[in-house]
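Let's take a walk through this fold together. Have the structure open and follow along.

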Amino acid sequence: MTTIKQALSQTSVHWRSGFKCEKTINWFPGHMAKGVKQMRDQLRSVDLIVETRDARIPLSSINRQFEDIVGSKDRLVVYNKADLAPAHVQRTIEMELTRRTNHRVVFTDAISDNASVKRILAAAVDKAQADPFRFSQYSIMVVGMPNVGKSSLINALRRIGVGRGKAAPTGAKPGVTRALSSRIKVLDSPAVYLVDTPGVMAPHIHDPETAIKVALTGGIKDDVADESVLADYLLFRLNRIPGVDYCSVLGIDRPTDDINALVSMLGARIGALRKGGELDVEKTLGFFLRAYRDGRFGHHCLDDIDEAAVDAFFAANLLGPAPMSRNQEKKAKRAEQRKRSLEKKALKAGKHD
């Protein structure tokens, strides 16, 4: 089997140095807008915000909208799915966030990492015990983008805290939780309750590559994102990560930088054929994407997290006014045009006077 390194040195094929995609992905259905309103309405009765992010995309899974909603409310940032990300991500992100924010950070795999889940409970216990008269019932709101594992985290907190089973439904696809839950008890003494919220996407993600990363990790529905674009981006990234031998994982003969060639080889290998022997492209793309989401290609971070990249991300996404959606931009443009038109009319009327 040819390794990626061997192929890169032996072939004259041009390997892409960048990924071009001008069309961004927007997914902000009605239940998300409703969820944002409910979060704002209940914020006064909440003592701690647990913001859940995806360790595979530690920057791209930051939703600027939460910064505006949460404000100065006490917050704990939990990077879930840490078992699917390389170990250095935790050290780097903890250091970078400490430099830029006052948020506490915990990395966890909510399904099997009991120690980190206990740390989250301990953060609530410490606050509640510090002022028992004020916090007779300590309240936590769990927020995050779709499919970052909020419900899995809630179930883990409940399992460890009170020894009970599932309280929040879970699923591999985004959008399982569509409304705020009733209060869920996760600790008896002190009494700690939490509220699950629907996964909320940013109304508009300006950077197409950021949107693709969110979709590739399952935060946006595949039919909304276009599986062929996600698979092409995944292939591009895998070819750039040292030591990844996706040929062995997929059982194909050679690496390629052409998604159509990959689909052809992989479809034949897994027998993804329709009636008449036609290649089932959709099934093949789905197989390729699931292999990544299941961690079969190893533990990788899709975000660049060196100091310069983190600086650039914060400058573009978290400093200054929040970026507007396309609809908001159109409305602002029309309002500006109306303003200029009225100013011209007023100026002409003044000259006639």
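This is a predicted model: local features need pLDDT of at least 70, side-chain atom pairs count only at pLDDT 80 or more; totals for chains, interfaces and linings use all residues.

Now find helix 11 (residues 259-270) and helix 12: their axes come within 9 Å and cross at roughly 95°. Angles of 65 to 115 degrees count as roughly perpendicular, so helix 11 is roughly perpendicular to helix 12. On the helix 11 side, the residues making the contact include L262, V263 and L266, and they face a group in helix 12 that includes L285 and F288. Sorted by class, this contact has nine nonpolar, two polar and one charged residues.

Helix 12 (residues 281-293) also packs against helix 9 (residues 227-240), with the axes 10 Å apart and an angle of about 45°. That makes helix 9 oblique to helix 12. The crossing of these two is left-handed. Among the residues that meet are L230, L234 and L238 from helix 9, and L285, F288 and L289 from helix 12.

Six strands form an open, mixed sheet in the order 3-2-1-4-6-5. Strand 3 (104-107) and strand 5 (184-187) each have a single partner strand, so they stand at the edges with one side left without a neighbour in the sheet. Strand 5 pairs with strand 6 (residues 191-196) in the antiparallel sense over three bridges, and I184 has L194 in strand 6 as its bridge partner. Helix 4 (residues 87-100) packs on the sheet, where it touches strand 1, strand 2 and strand 3.

How values were computed:
Residues are numbered from 1 along each chain as its sequence is written. Side-chain values use heavy atoms; hydrogens and water are left out. Axes are lines fitted to C-alpha atoms, for helices over the stretch in contact, and angles run from 0 to 180 degrees between N-to-C directions. Helices (H or I, at least four residues) and strands (E, at least two) are DSSP runs, numbered from the N terminus. Angles under 35 degrees count as roughly parallel, over 145 as roughly antiparallel, 65 to 115 as roughly perpendicular and the rest as oblique. A crossing is left-handed if the near helix is turned anticlockwise from the far one by less than a right angle, and right-handed if clockwise. Contact means heavy atoms within 4.5 Å. Ala, Val, Leu, Ile, Met, Phe, Trp, Tyr, Cys and Pro count as nonpolar, Asp, Glu, Lys and Arg as charged, and the others, Gly among them, as polar. Two strands pair if DSSP finds at least two bridges between them.
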